[in-house]
Amino acid sequence: MYHVSKSDFKTRLQTWLPKLVLSPSLAMVLIFVYGFILFTVYLSFTDSRILPSYGWVGWENYNKLWRLSHWEISLKNLGIYASLYIAICTAIGLTLAIFLDQKIRGEGILRPIYLYPMALSFIVTGTAWKWFLDPGIGLEHTMHLWGWESFEFGWIKDRNLAIYTLVLAAVWQSSGFVMAMFLAGLRGIDSEIMKAAQIDGASNWNLYRRIVIPLLRPAFLSAFVILAHLAIKSYDLVIALTGGGPGRATELPATFMYSYTFTRNQMGIGASSAVIMLMTIAAIMVPYLYAELREKK
Amino acid sequence: MRLFSKKSVAVAAFLASTSMVSAADVEVLHWWTSGGEAAALNVLKDDLSSQGIGWQDMPVAGGGGESAMTVLRARVTAGDAPTAVQMLGFDILDWAAEGALANLNDVAAAEGWDAVVPAALQAFAKHDGNWISAPVNVHSTNWVWANKAVLDELGIAQPESWDDFVAAMAAVKASGRTALAHGGQAWQEATMFDGVALSVGGVDFYTKAFIDMDPAALGSDMMKETFDRMATLRSYVDDNFSGRDWNLASAMVINGDATFQIMGDWAKGEFLNAGKVPNEDFLCFRVPGSAGSVSFNSDQFAMFAVSDAGAQAAQGAMAASIMSPSFQSAFNVVKGSVPARTDVPNDAFDACGKKGMAELAAAADSGSLVGSMAHGHANRAAVKNAIYDVVTAHFNGEYDSATAVEELVTAVELAQ
Amino acid sequence: MSSVQTQSVQTGRITRKFIYLFLLLMALFYLLPFFIMVVNSVKPLSEITGGNMMALPEVFTIEPWLAAWSTAQVGVEPTGLRPYFWNSIKMVVPAVAISTVLGAINGYILTKWRFKYDTILFGLMLFSCFIPFQIVLIPMARILGILGLSGSTYGLILVHVVYGIGFSTLYFRNYYAAFPTELVRAAQIDGAGFFQIFYRILMPSSGPITVVCVIWQFTNIWNDFLFGASFASGSGAPMTVALNNLVQSSTGVKEYNVHFAGAILAALPTLLVYIVAGRYFVRGLMAGSVKG
């Protein structure tokens, strides 16, 4: 028999309380994210079609997956789309942020204009974009009406260029958000550092390149995480803008996954594509997160 | 832990519908949300409410029912299936195979469905000899819609053969108009493919290739000819077709910017809506070369299994209501399709509707009524979409006809 | 705002002109799709199908707006979007509140009550942001069915909370990481408990990051379609599902002007949140999440 004093109990509670409070969130994530991932991995080895079923088929779904030219196209497209999207968003976001940070008059008006697209889903703006990009009724047509007869902008109808219209619309949606992150980063930089650098006679260009941009590193991390996750999940955008066309030129893994799991009733293949996607994401994100998080300790 | 055995899903669907819906209500999952469609559905709703049966609406539009089917899967998995679900073709049979659908034999026997519904259609409304769903309408896909004023102006007669059709399109193109209005979406290209395949090889070839999925037919010279004809059609489409909605393509014909459109009979609604009159302002005829055969798709309401007697009665009443000649007539006049039973009077229908009804009955008798590949009535979703992939890739110039034939054989094999 | 703007980069007059020009051109680019939507939502349908989508309306009408709000067909009943608006509010407000509170507490624990492997736990939570929603649909449906939450707003709230935790934890963790731990230790020595420290010391200064988190969650949850369509009952469906039914009719006539009006109506709450709270947004981001 042993005696627990009141204060002892309290101290012990205090050490356990944080973990106790954290545990519901953790449990939810473990079940609803990692549990479901395991379930998907399992499904990818089964003959599931319209609903999950449990006939084990080994690697068959993966073999089929890699024989589908459709899948290759969508992976290649994601490569082009994600790298351009992340790079351009970051570049535009950074430029806008640096420019806006020059004591611009009307910043209060410009900033929400840059930001608002993030508030809208492509279910809302998809049709407007589709019209704008359509050479028959959109920008090209309007330019012709205004007398610029030779103007051509038919990317969305071109198998080789349509993927870039996805980049355009996606950049439109999220570059303002990236701008806000960089702007916040810039405003957080100690002005003494800037003054010191200027006194040393650094040009504006060098000031930003050598001092300011390296200081924005945490903002780059946040922007990368958010942009990468948006790029990988891009689904509404494709459906609203091109529906995967012309032909299959703008299929992305997210549309592939959805289409095989739900419209084609080949849940097994859909699951195997999801597993490959998750592994790719993990291969990119885990080292990145590891490096970033370790450094902060 | 097996969360999802087939049995548990069926049982869950069974229990759920009873617990969620009060005895005399039907919960209906469908994707008919546009004005005309919803008006047509209201005919059914009013009919049921006159019998004291409530209607819980569950609309999910998008992708010709694709979103609704996704939602259905979530609902069934959750053990919360709707009582009645709008469905197409093989989806019905797939759900029946999961053991999730109710048996409607009593209603069918009482109303004599076997005698009046064409056999080709029954194949999708019955599973293992039991009625499982009630067909609402029959659409057919091998139609051409034409602007009569333009044809008259150019002195072109209604084309009867494929060569006539090509000559007519050439004449239109020469006059500076777009010959063929088309929207570049996979399902629209597949819809044309239905009609073209019928025009090349008739019902025999079509059946072998798309219904039996015979590799020899899929890889045949006829298939190559089919792709060649698709390429011909492609050359009469304007440059700006990609991604266009089908109703914008119809609008091109209505306005006279284009002359022909190959599209299912739902396109008629666009013409009527624009105040056009069949045979005066626009013509409807079968894809030249495919006259006599009809490729159909049919919207049906599949009933999910329920155990509660009241709910079963409500389902029975809904099924009976759907199949009553008066509803079939009222609904299909509004929708642009034709009735699913062949004994409905045609008085209320316009010229194109009358034509469609007569051709459906004739095709049903002669055995030349075939399920539409493009609309999931020839093969399962996996195969259908695999064919879509090839057809749309070829139409967009990714493959030549010979490659397309090869790809088609592989794609169909992989999807089975 | 000017209080934070203390740095002083000198720029020449020509450079400034270029900067203004660039900023204005970008503003035009961002406004363009919205302009197209607004302009076409006040035109009669015939003017849209027959004409130039960039042109200003020849006949101005607010009919499409009235139709989209209260008479457009979104099911068998011509109800417009109005009833679904409240469904969305009932779902979004609790979901945002709960996920924000959980994120705040998680962030507090992960930074001020560090324990072994806490970074790995955080990494697990962060990685969960990347899960494609398509794969969770079916197992989620099963679990909601088991819990008896299928077809209810509570189920939908649960789903959004679960998949919102990753980001809300990220925001608060990074924010609290910059918060001086000495203050927490001092309070501890004074005998303050776990929750007391959170209420008294961290909460009062969490305003800016709360704004960021709320904006983010509100936008994502309001705009969700897949979960709303799958896990809500017909009459309890959120606004995006109704908008989708309005816009995506398959074989019917497309009333583009009504579609655009409906789309703007459906987007108004998120736009409002951005405009009203937007001025705190950069401040919130600045105060924490991007400083690391």
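Student: What makes the crossing of α12(B) and α19(B) right-handed?
Tutor: This is a predicted model, so everything here is computed from it. The crossing of α12(B) past α19(B) comes out right-handed, and that word is used if the near helix is turned clockwise from the far one by less than a right angle.

Student: Which residues make the contact between α12(B) and α19(B)?
Tutor: From α12(B), take Met223(B), Lys224(B), Phe227(B), Asp228(B) and Ala231(B). From α19(B), it's Ser401(B), Ala402(B), Ala404(B), Val405(B) and Leu408(B).

Student: How many of the residues in the contact of α12(B) with α19(B) are nonpolar, and how many polar or charged?
Tutor: Seven are nonpolar, one is polar and two are charged. Lys and Asp count as charged, so Lys224(B) and Asp228(B) go in that class.

Student: On to whole chains. What makes two residues of chain B and chain A count as "in contact"?
Tutor: Their C-beta atoms, placed from the backbone, must lie within 7 Å. By that test, 26 residues of chain B touch 28 residues of chain A.

Student: Which element of chain B gives the most to the side that touches chain A?
Tutor: That's α18(B), with six residues. By class, this side of chain B has seven nonpolar, 10 polar and nine charged residues.

Student: How many residues do chain A and chain C put into their contact?
Tutor: Chain A gives 81 and chain C gives 75. On chain A's side, the largest share is 16 residues, from helix α1 (residues 6-43) of chain A. That side divides into 56 nonpolar, 18 polar and seven charged residues.

Student: How do you know where the domains of chain C are?
Tutor: The domain assignment gives domain 1 as 13-61 and domain 2 as 84-289. Their C-alpha centres lie 32 Å apart. Still, eight residues of domain 1 and seven of domain 2 make a contact, and α1(C) gives the most to domain 1's side, with four residues.

Conventions
Residues numbered from 1 in each chain as written. Chains lettered and ligands numbered in written order. Predicted model: local features only at pLDDT ≥ 70, side-chain atom pairs only at ≥ 80, totals over all residues. Domains from an automatic or database assignment. Helix = DSSP H or I, 4+ residues; strand = E, 2+ residues; numbered from the N terminus.
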